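Here is a friendly note to read beside the model. Take the points in order and find each residue as you go.

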Amino acid sequence: MSEAKDRELRALQAALAAEHAAVYGYGVVGGKIGDGRRAEAVTAYDAHRARRDALVREVKDLGGRPVAASAGYALPFAVPDAAAAVRFAAELEDRVAGIYADLVRAAAGGRRALAAEALREAAVRAVRWRGGSVAFPGLAERAGTAPPSAAPTA
């Protein structure tokens, strides 16, 4: 496998790991979110599940073995109530956007376009959860925040 394809496969695997974490994380969000935002949480959960399933296919198409979901994930902070669930959802989306920014850099052609679309969707969801935006979604080094880990925890 060429170095470029290997880099793209690693970025796809990182995106897949991030989507696994987001699906898990939205399970936590759904358990604590208020009724007024439950539909938004379900929509985000479904979107991450669809992205996860598409990434499994992409990894297989490149000859890789898709990374499996963990049995559980460490939360970055306690999520005892609806307000914390909203903060956590925004955090999940920020982390996913960061991983997709990496995939945009590593991918080419159609995969790059799909990664850019996924980054945009995550950034928009983060804005909706947070109630405000950041200057460079998915680029923590430009936004003045700590960079996301390669495999975000939920």
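**Notes on a pocket, some rings and an arginine**

1. Let's begin with the second largest pocket, whose lining comprises 8 nonpolar, no polar and 3 charged residues. Here Ala, Val, Leu, Ile, Met, Phe, Trp, Tyr, Cys and Pro count as nonpolar, Asp, Glu, Lys and Arg as charged, and the others, Gly among them, as polar. A pocket is an open set of points on a 1 Å grid over the protein atoms alone, where a 1.4 Å probe fits, with protein on both sides within 12 Å along at least five of seven lines; lining residues have an atom within 4 Å of a point.

2. Before going on, please keep in mind that this is a predicted model, in which local features need pLDDT of at least 70 and side-chain atom pairs count only at pLDDT 80 or more, while totals for chains, interfaces and linings use all residues. Residues are numbered from 1 along each chain as its sequence is written, and side-chain values use heavy atoms, leaving out hydrogens and water.

3. Which residues line the second largest pocket? They are Leu12, Arg51, Ala54, Leu55, Glu58, Tyr100, Leu103, Arg111, Leu114, Ala115 and Ala118. Helix H2 (35-61), helix H3 (82-106) and helix H4 (109-130) each give two or more residues to this lining; helices are DSSP runs of H or I with at least four residues, numbered from the N terminus.

4. Now for the rings: the whole structure holds 3 aromatic pairs (ring centres of Phe, Tyr or Trp, the last by its six-membered ring, within 6.5 Å; planes under 30 degrees apart are stacked, over 60 edge-to-face, the rest tilted). One of them is the tilted pair of Tyr24 and Tyr73, at 5.1 Å centre to centre and 55° between the planes. Tyr24 sits in helix H1 (residues 3-32) and Tyr73 in the loop between H2 and H3, 49 residues apart. Tyr73 is buried at 15% relative accessible area, whereas Tyr24 is partly exposed at 32% (buried is under 20%, exposed over 50%, partly exposed in between, with a 1.4 Å probe and protein chains only).

5. Phe77 and Phe88 make an edge-to-face pair, 6.0 Å centre to centre with 80° between the planes. Phe77 is in the loop between H2 and H3 and Phe88 in helix H3, so the pair ties together parts 11 residues apart in sequence. Phe88 is buried at 0%, and Phe77 is partly exposed at 23%.

6. Finally, look at Arg125 in helix H4, which is buried at 13% relative accessibility. Leaving aside residues up to four places away in sequence, Arg125 touches Ala44, Ala47, His48 and Glu93 (contact means heavy atoms within 4.5 Å).
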